[in-house]
There are 2 protein chains.
Amino acid sequence: MTLVNGQPCESIDAHDRGLAYGDGVFRTLRTQAGQPLWWSDHYATLAADCAALKLACPDEAVLHREACAVAEAGAGVVKIVITRGVGVRGYAPSGGQAVTRLVLSAPLPPHAGADASQAITARWCSLQLARQPRLAGIKHLNRLENVLARAEWDDPAIIEGLLCDTDGMVIGGVMSNLFWARDGVLFTPDLGQCGVAGVARTRLLRAAARRGIPTRIERLPPAAILAADELMICNSLIGVRRVARLGDANWSPTGWTDTLNAALYEDN
Amino acid sequence: MTLVNGQPCESIDAHDRGLAYGDGVFRTLRTQAGQPLWWSDHYATLAADCAALKLACPDEAVLHREACAVAEAGAGVVKIVITRGVGVRGYAPSGGQAVTRLVLSAPLPPHAGADASQAITARWCSLQLARQPRLAGIKHLNRLENVLARAEWDDPAIIEGLLCDTDGMVIGGVMSNLFWARDGVLFTPDLGQCGVAGVARTRLLRAAARRGIPTRIERLPPAAILAADELMICNSLIGVRRVARLGDANWSPTGWTDTLNAALYEDN
């Protein structure tokens, strides 16, 4: 089911700026028994992303109601898209137009349905992410880099591709954020230049602080990852997953993934 | 009037990858008496951009017919958008889906209707374009940088904003390509890292070769532009326009704009 500005509808205006320029932001949420998981964090992130692009974020209660309305009965996915709406041709935002609000549901992808303790295989992508501080961290609709990176492989056994930026620094996965542990310290890439700062990442950083786990947010080359004790990806659909294999490198479990998966669900 | 996959329709599927990821390309053409101007160049560029993203470019005759069908009777604008079509959620292109083809008309913007000999005022934008060789030159649907740059000013007397990349090298205008002349040589920025290689630029480079005008395509800082004898912007809607003023800098005409505007229309 799909709601466009609150109305059941399977299409959007052909002149929408979301299509013309990718002028908007989105969120992908997991739902459980018809309820969006981690709603407060998702709404806060959506509101921050809207603010970064000077989009008027719809009211929280309205979006929550619509997310519940479209959610599948069991476990599923809800996607929320906010665009700058229908405008005249040309890059200039007219300012007056109302945002378009799209809320749609989708089935859980195969890799998100399996047991969360199951480790995954990842690979390196050759595409390097462009560095754009003005858009870094935001989950906006300009995602051609992710599409090109994801098109680099079609082996269904490989769940994720890892990306560096054009300086060769590790940023994260095509559809996930990256964490690794070494000598008792939890690392995650600095997303000040590119990448998407996902809600699972935010929740893990908060959980680490709560549990007194030392954390470092850094710009580091791939060699730093290969020296990790445990490597993990995370997002709102899959939780935390251990990376057992990355190219030629292999890791055995050391307990970090289980700890962080538990921590991820500690608060709402 | 708008055609979606050949049918009169003012909307597109809410699950289109053009909206979800900006996964597509577009062209903006000027039409004159119901006919698209510079059609061969536009179609060739569209086909090349589609190929770069591994999109199946629609047949030339089909698109030409549709562009004529939507064109206004007098002078106007036709926009063609090709997306990867409707797909399942997730970045992976499924490969099997048909592209979406959107052909729509719009009135000529105010700045494109005036006498082409009229010089314009430009400014520098503070946004710096990210460097992404994999997408450089392509007129794709990921245009948030252009939107943010265009939002930097609202003075209607300023027609264009000029952009550098994150290395501080001049790339071009928000909606146009840039040329300048110095000591008999015609310069335009190298677009190997970012920017859109427009059809007017292609036509000017071809015209310069035909007329024996020495040309240099280079990565240069803003100081190179300030030392120009004449500075010009170009695109398919406005042709070539002389920049009379850029921030505090002013230029008097030296004849280059008139020469290049004539050259721009020499072939079809």
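Leaving out neighbours within four places in sequence, Leu53(B) is in contact with Val25(B) and His140(B), where two residues count as in contact if their C-beta atoms, placed from the backbone, lie within 7 Å. This is a predicted model, in which local features need pLDDT of at least 70 and side-chain atom pairs count only at pLDDT 80 or more, while totals for chains, interfaces and linings use all residues. Residues are numbered from 1 along each chain as its sequence is written, and chains are lettered from A and ligands numbered from 1 in the order in which they are written.

Leu53(B) is found in the loop between α2 and α3 (60–70) of chain B; helices (H or I, at least four residues) and strands (E, at least two) are DSSP runs, numbered from the N terminus. Leu53(B) and Gly24(B) are 29 residues apart in sequence, and their C-alpha atoms are 7.7 Å apart in space. By contrast, Cys125(B), whose place is in strand β8 (residues 120–129) of chain B, lies 30 residues from Gly95(B) in sequence and 38 Å from Gly95(B) in space, C-alpha to C-alpha. Not counting residues up to four places away in sequence, Cys125(B) touches Ala149(B), Glu152(B), Gly161(B), Leu162(B), Leu163(B) and Val174(B).

A residue is buried if 20 or more other C-beta atoms lie within 10 Å of its own, exposed if 12 or fewer, and partly exposed in between, with C-beta atoms placed from the backbone.

| Residue | Other C-beta atoms within 10 Å | Class |
|---|---|---|
| Leu53(B) | 22 C-beta atoms | buried |
| Cys125(B) | 22 C-beta atoms | buried |
| Trp38(B) | 20 C-beta atoms | buried |
| Asn5(A) | 15 C-beta atoms | partly exposed |

Two of these residues also have a backbone feature to note. Trp38(B), in the loop between β5 (35–36) and α2 (39–52) of chain B, has a positive phi of about 55° although it is not a glycine. Asn5(A), in the loop between β1 and β2 (7–8) of chain A, has a positive phi near 50° and is likewise a residue other than glycine.

In chain B, the axes of helix α6 (residues 199–211) and helix α8 (residues 256–264) come within 9 Å and cross at roughly 100°. That makes α6(B) roughly perpendicular to α8(B), a term for angles of 65 to 115 degrees. Where they meet, Ala200(B), Arg203(B), Leu204(B), Ala207(B) and Arg211(B) come from α6(B), and Leu260(B), Ala263(B) and Leu264(B) come from α8(B). Leu260(B) is also one of the contacts of Met232(B), which include Phe179(B), Trp180(B) and Trp256(B) when neighbours within four places in sequence are left aside. Met232(A) and Met232(B) have the most contacts inside the largest nonpolar core, which has 154 residues; such a core is a set of buried Ala, Val, Leu, Ile, Met, Phe, Trp, Tyr and Cys residues joined through C-beta atoms within 7 Å.

The two chains are related by a rotation of 180° with 0.0 Å of shift along its axis, which superposes chain A on chain B (RMSD 0.0 Å). That is the relation of a two-fold axis. The same surface serves both copies, as 100% of the contact residues of chain A recur in chain B. The contact takes 43 residues from chain A and 43 residues from chain B. On the side of chain A that touches chain B, the largest share, 6 residues, comes from α5(A).

Technical notes. Axes are lines fitted to C-alpha atoms, for helices over the stretch in contact, and angles run from 0 to 180 degrees between N-to-C directions. Angles under 35 degrees count as roughly parallel, over 145 as roughly antiparallel, 65 to 115 as roughly perpendicular and the rest as oblique. Copies are superposed by least squares on the C-alpha atoms of residues with pLDDT of at least 70 in both.
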